[in-house]
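Here are my notes for you on this entry, written as numbered points. Please keep the sequence and the 3D view open beside them as you read.

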Amino acid sequence: MDFTLLAEHPMYAFTGAAYAGAFAFYGATWRSTKEIIGRLATWLLLTAVAANASLIVYRWISTDRPPFKSLFETAVFLAFCMAAVYLVMEQLYKTRTFGVLVAAAALGSMIFAVTRWDAEIVKLPPALQSAWFIPHVVVYFVGYAALAFATAVAVVQLLKPDLRLKAGTALTGSVALEDIGYASIRFGFVLLTFGLLVGSIWAKGAWGDYWVWDPKENWSLVSWLVYAGYLHLRHVKGWRGNKAAWLAIGGFAVVMFTYLGMEMLPTAKESAHVYQSN
């Protein structure tokens, strides 16, 4: 970890501390029924999201470009998306059950970002100087965040398979965990689909073809196929419960490999989509 970054930009330390505090208080809600504990958890996460957003805006202004080029920049953005999407879900379902896992993921993403800090500000290459760049990245990362939330739901489902949210949520009646995960995956899948379509249109303008069989493109398709399989298998007898939860977790592992694992492939140097790491 580059502690120089934290010294030069204390907002990163503040954001990480807010995520860590939210993680601690959301964890406490698993044992305590005191409303003040839950409210503190939510307010700490809101504070972290606001600080996280300020980091993105500051980077955008200082680089004079969308801050989505490198692993450092996208990891900061991913932390923001995961926490922001979770807060929407918390309001929708009126539960803080999944907050500890999402706060941990957002904190982990911020820590990872700091370890990949870009000391040098680099201009976007010509292929990325496109009107499609921002919608493509934003749609994908919001989709990743929705799938991260579904993964948190799947983990809770494995730990507490009989848990249901009580009546009185923003929805009607009680809601099974698997139904929450399914709804989140369905939303994330729509965004992955839109991201693939936007990426194809972008590729046509940048490289002259809708699909160039780039390693990142191929693994994005694999991620899409895994979740397409999940949505299909939900209607097949025997593919609910723990099997569905493990498939949701496995799908997110594929998504994370698509995001982080491309540089490990032998063909990484040939890819135009692998994020700059430092």
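1. E35 counts as partly exposed because its relative accessibility is 42%, where buried means under 20% relative accessible area, exposed means over 50%, and partly exposed lies in between (1.4 Å probe, protein chains only). Its partner R96 is also partly exposed, with a relative accessible area of 23%, and the side chains of E35 and R96 meet in a salt bridge at 3.6 Å, N to O. A salt bridge here is a side-chain nitrogen of Lys or Arg within 4 Å of a carboxyl oxygen of Asp or Glu.

2. Before going further, please note that this is a predicted model, in which local features need pLDDT of at least 70 and side-chain atom pairs count only at pLDDT 80 or more, while totals for chains, interfaces and linings use all residues. Residues are numbered from 1 along each chain as its sequence is written, and side-chain values use heavy atoms, with hydrogens and water left out.

3. The bridge between R96 and E35 links distant parts of the chain, since R96 belongs to the loop between α4 and α5 (99-115) and E35 to helix α3 (residues 35-63), 61 residues apart. Helices are DSSP runs (H or I, at least four residues), numbered from the N terminus. E35 and R96 also take part in a network of salt bridges that includes R39 and E90.

4. How many salt bridges are there by this rule? The count comes to seven, and one of them joins the side chains of R65 and E73 at 2.8 Å, N to O. R65 is buried because its relative accessible area is 6%, and E73 counts as buried at 3%.

5. Another salt bridge brings together the side chains of R234 and D179, also with an N to O distance of 2.8 Å. R234 lies in the loop between α8 and α9 and D179 in helix α7 (residues 177-207), so this pair ties together parts that are 55 residues apart in sequence. R234 counts as buried at 10% relative accessibility, whereas D179, at 35%, counts as partly exposed. The charged end of R234 also sits over the ring of Y182, 4.0 Å from its centre; the rule asks for NZ of Lys or CZ of Arg within 6 Å of the ring centre and within 35 degrees of the ring normal.

6. A search of the whole structure finds 15 aromatic pairs, meaning rings of Phe, Tyr and Trp (its six-membered ring) with centres within 6.5 Å, where planes under 30 degrees apart count as stacked, over 60 as edge-to-face and the rest as tilted. The rings of F68 and F77 have centres 4.7 Å apart and planes at 45°, so this pair is tilted. F68 is buried at 3% relative accessibility, and F77 is buried at 8%. Both rings belong to one aromatic cluster, whose members include W60, F80 and Y259.

7. Which kind of pair do W219 and F257 form? Their ring centres lie 4.6 Å apart with planes at 65°, so the pair is edge-to-face. W219 lies in helix α8 (residues 215-233) and F257 in helix α9 (residues 242-260), so the pair ties together parts that are 38 residues apart in sequence. W219 is partly exposed at 29% relative accessibility, and F257 is partly exposed at 24%.

8. Finally, helix α4 (residues 71-93) is mostly covered, with 18 of its 23 residues buried, and just after α4 the residue K94 takes a positive phi of about 55°.

Key: Helix = DSSP H or I, 4+ residues; strand = E, 2+ residues; numbered from the N terminus.
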